[in-house]
Amino acid sequence: MNSLETLSRLTATPRRQIGLLTALAGAVLVAFFLAPDALARSSVDTANVSDSFRRGFVAYWGSGSEDFPTRLSTTVDFWFRFHLVKAGVSALLLAVALALGVVLGRYVRQRTSGGAGRLGLALSRALVGVLGLFALVALVANLQGAAAPFASLLPMLTSGSTPDGELTTTLAQVRQQIAVYPEGPHSPALTVMISDFALYHWVLAGSAAVVALAMAGASVVSWRRLTMSSDARSRRASAFGGAVSAVLAAVVLVIAYANTTNAADSPRALAAFFAGGW
């Protein structure tokens with residue numbers, strides 16, 4: 001018996017498919033938290049990335065150059081790889097969640113009936129929905145981090161432990177220069193920060209727009225099913241799915257709009273960030 005025949009037998013029944021996909025979802029979820037740091041690690045990892053970035057940023061700000069010094073370049077490269085791996089794992093988790101939702105929904109509808117069956121179907125859909133939503137949010141966030149890793153690291157300058165003397169002085173200079181940008185003199189590093197901050201928000205705005213379009217499409221499909229179905233339970237499920245998808249589409253559109261405005265006026269958005277309005 002070859003490997004394809006073995007896999008076919010393992011996945012021949014819906015119950016086995018559910019078991020296989022559930023185990024796979026668990027393994028991918030564990031990989032989501034462990035694999036990125038392990039695969040992306042160099043001299044920088046998640047334990048020291050904040051300290052490394054802070055020290056590298058101070059050196060960068062005072063260098064008078066747009067090019068990253070070695071310490072900062074190493075930190076940004078690690079952060080890029082970290083988010084890239086995490087985005088890949090998130091995409092896999094989303095695919096597994098969608099597949100599990102399809103197989104589980106079919107199985108529960110076919111094998112259960114009555115109140116207990118409907119409750120089981122509702123709980124199964126809710127759990128898979130939460131997993132899928134988590135994977136989708138993680139995918140978007142990590143694509144954003146991979147596209148603009150330098151901007152993604154900026155919150156580490158103002159969060160966590162109290163900044164030391166050098167970093168405090170540097171942040172004061174950043175706030176002074178961004179307040180009068182572009183008229184006043186400014187460090188070359190500030191130009192890079194503004195550009196990367198704009199990219200950071202453009203990526204999220206574009207991703208949110210795509211998700212909103214997908215949610216709107218799902219809502220339209222659900223409402224079409226509502227008009228075509230004669231079964232009361234199916235109609236209620238379609239109505240609920242259509243309403244939830246429409247609400248999510250509206251929420252995501254608001255996120256897309258907010259990030260578009262931040263990207264279009266990156267200096268203002270960066271000034272608000274350093275003033276505590278991230």
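1. Asp265 has a relative accessibility of 34% and therefore counts as partly exposed (buried is under 20% relative accessible area, exposed is over 50%, and partly exposed lies in between, with a 1.4 Å probe and protein chains only). Its partner in a salt bridge is Arg268, with the closest N and O atoms 3.4 Å apart (the criterion is a side-chain nitrogen of Lys or Arg within 4 Å of a carboxyl oxygen of Asp or Glu). Arg268 is likewise partly exposed, its relative accessible area being 39%.

2. The model is predicted: local features need pLDDT of at least 70 and side-chain atom pairs count only at pLDDT 80 or more, whereas totals for chains, interfaces and linings use all residues. Residues are numbered from 1 along each chain as its sequence is written, and side-chain values use heavy atoms, with hydrogens and water left out.

3. The count of salt bridges comes to two. Besides the pair in point 1, Asp51 and Arg55 are joined through their side chains at 3.1 Å, N to O. These residues are four apart in helix H3 (residues 49-63), so about one helical turn separates them. Asp51 is partly exposed at 42% relative accessible area, and Arg55 is partly exposed at 47%.

4. As regards the overall fold, the protein chain contains eleven helices and zero strands (helices are DSSP runs of H or I with at least four residues, strands are runs of E with at least two, and numbering starts from the N terminus). From the N terminus on, the order of elements is α-α-α-α-α-α-α-α-α-α-α. Of the 278 residues in the protein chain, 38% are buried.

5. Tyr181 and Pro182 are linked by a cis peptide bond, with omega about 5°. Most peptide bonds are trans. Pro182 belongs to the loop between helix H8 (165-179) and H9.

6. Ala189 is part of helix H9. With a relative accessible area of 0%, Ala189 is buried.

7. Val137, Val140, Leu204, Val252 and Ile255 are the closest to its centre among the 14 lining residues. A pocket is an open set of points on a 1 Å grid over the protein atoms alone, where a 1.4 Å probe fits, with protein on both sides within 12 Å along at least five of seven lines; lining residues have an atom within 4 Å of a point.

8. H5 gives the largest share, six residues. By class, the lining has 13 nonpolar residues, one polar residue and no charged residues (Ala, Val, Leu, Ile, Met, Phe, Trp, Tyr, Cys and Pro are nonpolar; Asp, Glu, Lys and Arg are charged; the others, Gly among them, are polar).

9. Leu29, Val30, Phe33, Leu34 and Phe134 make a nonpolar surface patch of about 470 Å². Patch residues have over 30% relative accessible area and no salt bridge, and nonpolar side chains (Val, Leu, Ile, Met, Phe, Trp, Tyr) are joined within 5 Å; areas follow the Shrake-Rupley method with a 1.4 Å probe. Helix H2 (residues 14-40) contributes the largest share, four residues. Leu34 lies in helix H2 and counts as exposed because its relative accessibility is 57%.

Definitions and conventions:
Patches are made of residues with over 30% relative accessible area and no salt bridge: like charges are joined within 9 Å, nonpolar side chains (Val, Leu, Ile, Met, Phe, Trp, Tyr) within 5 Å.
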